[in-house]
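Dear colleague,

Please find below the structure we discussed, together with its sequence.

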Amino acid sequence: MKTKHILQAAVIAAAYAAVTILLAPLSYGVMQIRVSEALSILPYFTPAAVPGLFVGCFIANLASPNGIADLVCGSLSSLFAAWFSYKLRDWPALVPMPPVAVNGIAIGAMIYFVYGIPMPLLACMAWVAAGQACACYILGYPLLCYLKKFEGIFK
């Protein structure tokens with residue numbers, strides 16, 4: 001990995017973790033809107049975003065009230081979602097979709113099975129996916145469109 005990519009990954013990780021922790025009441029739980037998930041569009045611009053989002057999520061989940069399950073499941077979900085987003089970079093409108101789908105399913109299931117939330121499994125998944133959709137499409141996709149103007153800074 002190039003030095004530039006390591007630096008990009010570190011900045012992305014720091015930004016993701018800082019925003020998640022700063023907005024902690026919104027960042028954890030069944031209905032969560034991780035504003036930091038708007039950054040999940042960054043794999044469109046650079047492969048460095050894949051490890052950056054994973055590390056950022058891992059650091060943010062150290063502060064999670066959901067413990068080790070969130071640390072492992074949440075971080076791995078972010079890794080897979082970022083990788084899928086990177087693979088979809090030829091279709092910009094689809095780049096925000098993997099974090100919505102992957103986290104909706106994985107985090108919704110984790111909350112249901114590990115923490116015994118008294119609501120149906122599909123409802124847990126839908127609530128997490130809804131929060132993800134807000135962060136990824138309402139915030140993230142406009143960010144992607146705006147950053148396209150400055151695409152060269154990621155190269």
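**Helix packing and nonpolar cores**

In this predicted model, helix 5 (residues 97-115) packs against helix 6 (residues 121-147) at an angle of about 145°, and their axes lie 7 Å apart. The crossing of helix 5 past helix 6 is right-handed. On the side of helix 5, the residues making the contact include Val100, Ile107, Ile111 and Phe113, while helix 6 contributes, among others, Leu121, Cys124, Val128 and Tyr137. By class, this contact comprises 17 nonpolar and four polar residues, with no charged residues.

The largest nonpolar core has 18 residues, of which Tyr16, Ile41, Leu42, Phe45, Leu53, Leu144 and Leu147 touch the most other members. At least two residues of this core come from each of helix 1 (3-22), helix 3 (49-61) and helix 6. Helix 3 provides the largest share, five residues. As for Leu42, its contacts beyond the neighbours within four places in sequence are Ile12, Ala49, Leu147 and Phe154.

Another core, of six residues, lies apart from the largest one; among its members are Ala69, Ile107, Ile111 and Cys124. Ala69 belongs to helix 4 (residues 67-87). With a relative accessible area of 18%, Ala69 counts as buried, because the cut-off for that class is under 20%. Neighbours within four places in sequence aside, Ala69 is in contact with Gly74, Met110, Val114 and Tyr115. Between Ala69 and Phe113 the C-alpha to C-alpha distance is 10 Å, although the two are 44 residues apart in sequence.

Yours sincerely

Notes:
Residues numbered from 1 in each chain as written. Predicted model: local features only at pLDDT ≥ 70, side-chain atom pairs only at ≥ 80, totals over all residues. Heavy atoms only, no water. Axes fitted to C-alpha atoms, helices over the stretch in contact; angles between N-to-C directions. Helix = DSSP H or I, 4+ residues; strand = E, 2+ residues; numbered from the N terminus. Left-handed = near helix turned anticlockwise from the far one by under 90°. Contact = heavy atoms within 4.5 Å. Nonpolar A, V, L, I, M, F, W, Y, C, P; charged D, E, K, R; others polar. Buried < 20%, exposed > 50% of the residue type's maximum accessible area, 1.4 Å probe, protein only. Core = buried A, V, L, I, M, F, W, Y, C linked by side-chain atoms within 4.5 Å.
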